[in-house]
Amino acid sequence: MQRLIAVVLFLFCATSQLASSLNDGLLPNGNFEYGPKPSELKGTKVMSPKAIPNWEISGYVEYIKSGQKQGDMLLIVPEGGFAVRLGNEALIKQKIKVIKGMFYSLTFSAARTCAQEEKLNVSVSPNYEKNDFGLFPIQTMYSSNGWDSYAWAFQASESVIEISIHNPGVEEDAACGPLIDSVALKTLYPPKRTRVNLLKNGNFEEGPYIFSGPVSEGVIIPPHIEDDHSPLPGWIIDSLKAVKYIDSDHFTVPEGKRAIELIAGKESSLSQVVRTTIGRDYVLSFTIGDANNACEGSMVVEAFANKNTVKVTYDSKGKGGFKQARLRFKADSTRTRIMFYSTFYTMKNDNSGSLCGPVVDDVKLVSIRKLHHL
């Protein structure tokens with residue numbers, strides 16, 4: 001029955017030349033549950049460029065079923081029953097309708113297989129910004145289930161765009177490459193500063209799409225050097241390693257529905273530059289805690305306002321909890337960089353060896369003369 005549905009959907013897609021228009025969530029067939037006809041497969045290799053409904057492919061692309069093995073290695077399908085594997089120079093792409101000039105975040109799940117240095121190149125076309133693409137090294141797995149979800153952001157140059165995910169690698173085994181699943185899109189609305197907070201998006205409520213499945217482990221937001229437009233509006237990931245975007249449906253979040261987990265010690269930092277008045281006093285307040293994800297031990301978050309700094313300790317039991325902290329300072333510049341990082345590396349206490357860290361949320365910056373009660 002499933003194959004019959006797939007054939008019907010394929011015939012529909014083959015006769016339609018219009019790009020898909022969608023709301024926040026999965027792209028059409030973004031989870032690859034509708035696959036090629038048996039005649040378009042040679043083993044697991046997809047033989048026709050338009051065999052996968054709603055997608056166009058090139059290079060060595062395989063259609064992988066959950067539970068499938070390569071030798072003794074289990075190929076992990078992140079969600080559902082099917083995924084695609086991008087081998088040598090493999091590419092998948094899809095056209096969609098968007099609003100010209102708007103900002104969007106693309107979320108997708110990926111798992112390593114057999115290549116030593118697996119990378120993914122994510123891009124959109126047309127794109128009038130030079131070198132605006134995301135290059136994702138996926139050697140490090142941050143989750144404990146063998147795959148991670150990643151976010152990348154862009155500004156739409158036209159009303160119809162083509163999203164591409166490409167494996168630029170060439171391995172001795174042409175099939176070696178990452179597994180891709182669950183490709184979703186979300187509109188980003190650039191936040192504004194308010195009278196009660198000089199920082200934009202201080203509660204992290206505006207950010208990339210997070211999958212609603214029961215096994216979601218948040219979304220990896222890559223460093224700024226790999227992403228011209230931040231999937232976390234207002235904030236810059238100006239470190240060597242990524243941070244993780246988490247939600248209250250799957251984790252303990254101090255305030256609201258979203259927060260940030262600093263998962264790679266001092267190599268995982270979060271910052272925002274804000275205009276300040278020289279000589280004026282300010283208060284930076286924030287909340288730190290743990291995500292209720294077995295991340296245990298003594299944690300330290302270091303907060304900076306240019307050269308001013310405070311270290312905040314938090315003894316995590318790994319079961320959720322938080323504490324508030326603040327930093328008072330006098331501005332010595334018209335532009336002040338607010339930055340957070342975790343002093344130590346921490347690993348989950350679940351025998352997975354997965355990196356984790358303190359949660360940061362509810363970040364506010366105010367001029368102290370407006371807070372007479374402080």
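Glu89 sits in the loop between β9 and β10 (strands are DSSP E runs of at least two residues, numbered from the N terminus). Although Glu89 is not a glycine, its phi is positive, at about 50 degrees. Most residues other than glycine have a negative phi, and most peptide bonds are trans. Glu89 is partly exposed, with a relative accessible area of 41% (buried means under 20%, exposed over 50%, and partly exposed in between, using a 1.4 Å probe and protein chains only).

Keep in mind that this is a predicted model, where local features need pLDDT of at least 70, side-chain atom pairs count only at pLDDT 80 or more, and totals for chains, interfaces and linings use all residues. Residues are numbered from 1 along each chain as its sequence is written, and side-chain values use heavy atoms, leaving out hydrogens and water.

You will find Asp362 in strand β28 (residues 359–367), and at 18% relative accessibility Asp362 counts as buried.

Now look at Ser125 and Pro126, which are joined by a cis peptide bond with omega of about -5 degrees. Pro126 belongs to the loop between β12 and β13 (134–137).

## The nonpolar cores

Which residues touch the most other members of the largest nonpolar core? They are Phe108 and Ile180, in a core of 40 residues (a nonpolar core is a set of buried Ala, Val, Leu, Ile, Met, Phe, Trp, Tyr and Cys residues joined through side-chain atoms within 4.5 Å). Strands that each supply at least two residues of this core include β6 (61–65), β14 (148–155) and β16 (179–188). The largest share, four residues, comes from β11. Both domain 1 (25–188) and domain 2 (219–367) give this core at least three residues each, with bounds taken from an automatic or database domain assignment. In soluble globular proteins, nonpolar side chains tend to be buried together.

Leaving aside neighbours within four places in sequence, Phe108 is in contact with residues including Leu120, Phe136, Tyr150, Ile165 and Val183 (contact means heavy atoms within 4.5 Å). Another core, of 36 residues, lies apart from the largest one, and Ile260, Ile288, Val363 and Leu365 are among its members.

## One disulfide

How many disulfides are there? The count comes to one (a disulfide is a pair of cysteine sulfur atoms within 2.5 Å). It joins Cys295 to Cys356, with an S to S distance of 2.1 Å. The torsion about the S-S bond of Cys295 and Cys356 is about 85 degrees, so this disulfide is right-handed.

Cys295 is in the loop between β21 (281–290) and β22 (296–305), while Cys356 is in strand β27 (residues 355–356), so the bond ties together parts 61 residues apart in sequence. Cys295 is buried at 0% relative accessibility, and Cys356 is buried at 1%.

## Aromatic pairs

The whole structure holds 10 aromatic pairs (rings of Phe, Tyr and Trp, with its six-membered ring, pair if their centres lie within 6.5 Å; planes under 30 degrees apart are stacked, over 60 edge-to-face, and the rest tilted). Phe286 and Phe340 form an edge-to-face pair, 5.0 Å centre to centre with 70 degrees between the planes. This pair links Phe286 in strand β21 with Phe340 in strand β25 (residues 335–342), 54 residues apart.

Phe304 and Tyr341 have ring centres 5.4 Å apart and planes at 40 degrees, so their pair is tilted. Both Phe304 and Tyr341 are buried. Elsewhere, Tyr104, Trp152 and Phe154 form one aromatic cluster.
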